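Subject: Structure handover and notes

Dear colleague,

I am passing on the structure we spoke about, together with notes on what turned up when I went through it. Please open it alongside this email and follow the residues as they come up.

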Amino acid sequence: MDILMVGWEFPPFYTGGLGIHCYHLTRNLSSQGVNITFLMPKNRFHPKCDYMKIVEVDSSFVPGPYASLAKVGENYDGKLFDNIWKYNQLCLAYALQEKFDLIHCHDWMTAIAGITIKQATGKPLVVTIHSTEYDRTGSLSPNPWVLDRERNMVQIADVIITVSDAMKKQLIERFNADPNKIVVIYNAIDHENWTIQQVKGRFPNEKIVLFLGRLTLQKGPDFFLKAAKRVLEKEKDVTFVIGGKGDMLPQLIRQAIELGISDKVMFLGYVPDDELPRLYSAADVFVLSSVSEPFGITVLEAIASGTPTIITKQSGVREVVKHAFAVDFWDIDEMANKILALITYSPLYKSMRENGKREISSYTWDKVAGRTIEKAYRQVAHL
């Protein structure tokens with residue numbers, strides 16, 4: 001089976017879970033006999049891979065979908081759209097010279113390429129929707145051009161893969177997607193990478209509550225800080241650690257100062273991959289405070305590292321993980337109560353830690369790849 005996959009990021013260049021997803025999915029598809037040519041924009045990292053062919057089709061750098069959106073209410077930089085158009089046209093030109101059984105595209109930045117390649121070659125189109133413009137903007141100011149790309153992609157695709165039932169429901173309600181074309185395949189993790197490492201010495205005598213993700217509206221870091229204020233009113237020996245970068249960083253620093261908790265908040269900035277297992281295992285609690293989260297791979301990573309977790313009810317990972325506390329993103333009092341419960345009641349902490357690890361053990365990337373082949377590829381390619 002020969003697959004032409006169109007993406008926009010691949011490690012070491014990635015802005016979030018999509019790049020990680022593409023790495024593990026393609027690696028495991030390859031091990032199950034799928035031949036993949038992966039198209040992506042050229043970037044300064046020049047990813048290398050020994051199990052599939054990576055083609056960097058563009059000489060201009062195309063950033064991730066969040067790089068040019070400074071704040072809610074502002075449009076994406078017009079240059080970004082020009083670069084995306086150019087990238088998609090070059091993908092089409094490349095595809096016309098190749099032989100493959102189907103096209104597999106990821107999110108809106110590959111929509112034009114996927115649709116035009118399908119129309120030009122007659123090959124079936126599989127699309128994976130990791131998030132929508134509604135998710136990225138908290139539904140406050142979605143860009144209409146991006147919404148059109150997403151809507152067209154969903155309507156024309158032969159099979160749509162979503163990472164949660166919540167995303168499936170959104171596509172049906174907002175884009176009028178055909179539910180019979182949608183397959184839900186949850187994300188997973190590489191369990192070998194997430195082992196418990198005792199590194200408590202970095203924060204002596206302090207409980208550690210961790211946020212890790214892009215500092216954007218979608219991820220809700222401002223609600224995390226508001227909950228931190230509530231916790232610190234009752235328990236002083238707690239450090240709130242924020243890992244990640246994004247346009248909200250200056251706002252969050254000001255917010256911590258205004259809340260009077262700046263001495264209890266640590267901003268780490270970008271955290272390298274090789275530091276993530278240590279960071280997760282150093283934390284006593286991990287909090288996913290997202291306003292809208294189609295899945296949430298970080299939750300699986302935290303739980304696999306032995307860290308009890310709090311998630312929002314607006315996250316798709318809630319469909320997978322039952323041994324985690326779930327709260328509404330806006331309910332900072334309840335978020336704070338759950339943090340306090342985990343850092344003060346050791347039997348609860350131990351139970352969440354042990355049961356959580358056991359619960360997610362079956363979510364592996366080889367199963368994701370197998371389901372992708374059987375539930376998506378074979379359904380449309382007749383192979």
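**Backbone features in the loops**

Asp 107 has its place in the loop between E4 and helix H3 (111-121). Please keep in mind throughout that this is a predicted model. The phi of Asp 107 is near 65 degrees, a positive value in a residue other than glycine, and with a relative accessibility of 2% Asp 107 counts as buried. Asn 176, which is not a glycine either, also has a positive phi, of about 55 degrees, and it lies in the loop between helix H6 (165-175) and E7. Is Asn 176 buried or exposed? Its relative accessible area is 60%, and Asn 176 is therefore exposed, the cut-off for that being over 50%. In the loop between E1 and helix H1 (17-31), where Pro 12 lies, there is a cis peptide bond that joins Pro 11 and Pro 12, with omega at about 15 degrees.

Seven strands make up an open sheet with parallel pairing, and their order is E3-E2-E1-E4-E5-E6-E7. Strand E3 (53-56) and strand E7 (182-184) are the edge strands, each of which pairs on one side only, and from one strand to the next the twist averages 20 degrees. Within this sheet, strand E1 (residues 2-6) pairs with strand E2 (residues 35-40) in the parallel sense over five bridges, and Ile 3 stands opposite Ile 36 in E2. Helix H13 (residues 365-381) packs on the sheet, where it touches E1, strand E4 (102-106), strand E5 (125-129), strand E6 (159-162) and E7, and its direction makes about 130 degrees with that of E4.

The largest nonpolar core has 94 residues, of which Leu 29, Leu 39, Ile 160, Leu 171, Val 321 and Tyr 377 touch the most other members. If residues up to four places away in sequence are not counted, Leu 171 touches Ile 129, Thr 132, Val 154, Ile 160, Thr 162, Asn 176, Ala 177 and Ile 182. Another core, of 33 residues, lies apart from it, and includes Val 287, Val 291, Phe 325 and Ile 343.

Strand E11 (residues 285-287) and strand E12 (residues 309-312) run parallel and are joined by two bridges, with Thr 309 in E12 as the bridge partner of Phe 286.

Eight of the eight residues of H10 are buried, so the helix is largely enclosed by the rest of the structure; among them are Thr 298 and Glu 301. Just after H10, Gly 306 takes a positive phi of about 85 degrees.

Gln 255, in helix H8 (residues 249-258), is buried, with a relative accessible area of 10%. Leaving aside neighbours within four places in sequence, Gln 255 is in contact with Asp 222, Leu 225 and Lys 226.

**Aromatic rings and charges**

The structure holds twelve aromatic pairs. Tyr 280 and Phe 286 form another edge-to-face pair, at 5.7 Å centre to centre and with 70 degrees between the planes; Tyr 280 is buried at a relative accessible area of 0%, and Phe 286 counts as buried at 0% relative accessibility. Elsewhere, ring pairs link Phe 10, Tyr 23, Phe 38 and Tyr 51 into a cluster.

Two charged side chains also deserve a look. The charged end of Arg 174 sits over the ring of Tyr 134, 3.9 Å from the ring centre, and the charged end of Lys 338 sits over the ring of Phe 325, 5.4 Å from its centre.

With best wishes

Methods. Residues are numbered from 1 along each chain as its sequence is written. This is a predicted model: local features need pLDDT of at least 70, side-chain atom pairs count only at pLDDT 80 or more; totals for chains, interfaces and linings use all residues. Side-chain values use heavy atoms; hydrogens and water are left out. Helices (H or I, at least four residues) and strands (E, at least two) are DSSP runs, numbered from the N terminus. Buried means under 20% relative accessible area, exposed over 50%, partly exposed in between (1.4 Å probe, protein chains only). Contact means heavy atoms within 4.5 Å. Two strands pair if DSSP finds at least two bridges between them. Rings of Phe, Tyr and Trp (its six-membered ring) pair if their centres lie within 6.5 Å; planes under 30 degrees apart count as stacked, over 60 as edge-to-face and the rest as tilted. A charge sits over a ring if NZ of Lys or CZ of Arg is within 6 Å of the ring centre and within 35 degrees of the ring normal. A nonpolar core is a set of buried Ala, Val, Leu, Ile, Met, Phe, Trp, Tyr and Cys residues joined through side-chain atoms within 4.5 Å. Axes are lines fitted to C-alpha atoms, for helices over the stretch in contact, and angles run from 0 to 180 degrees between N-to-C directions.
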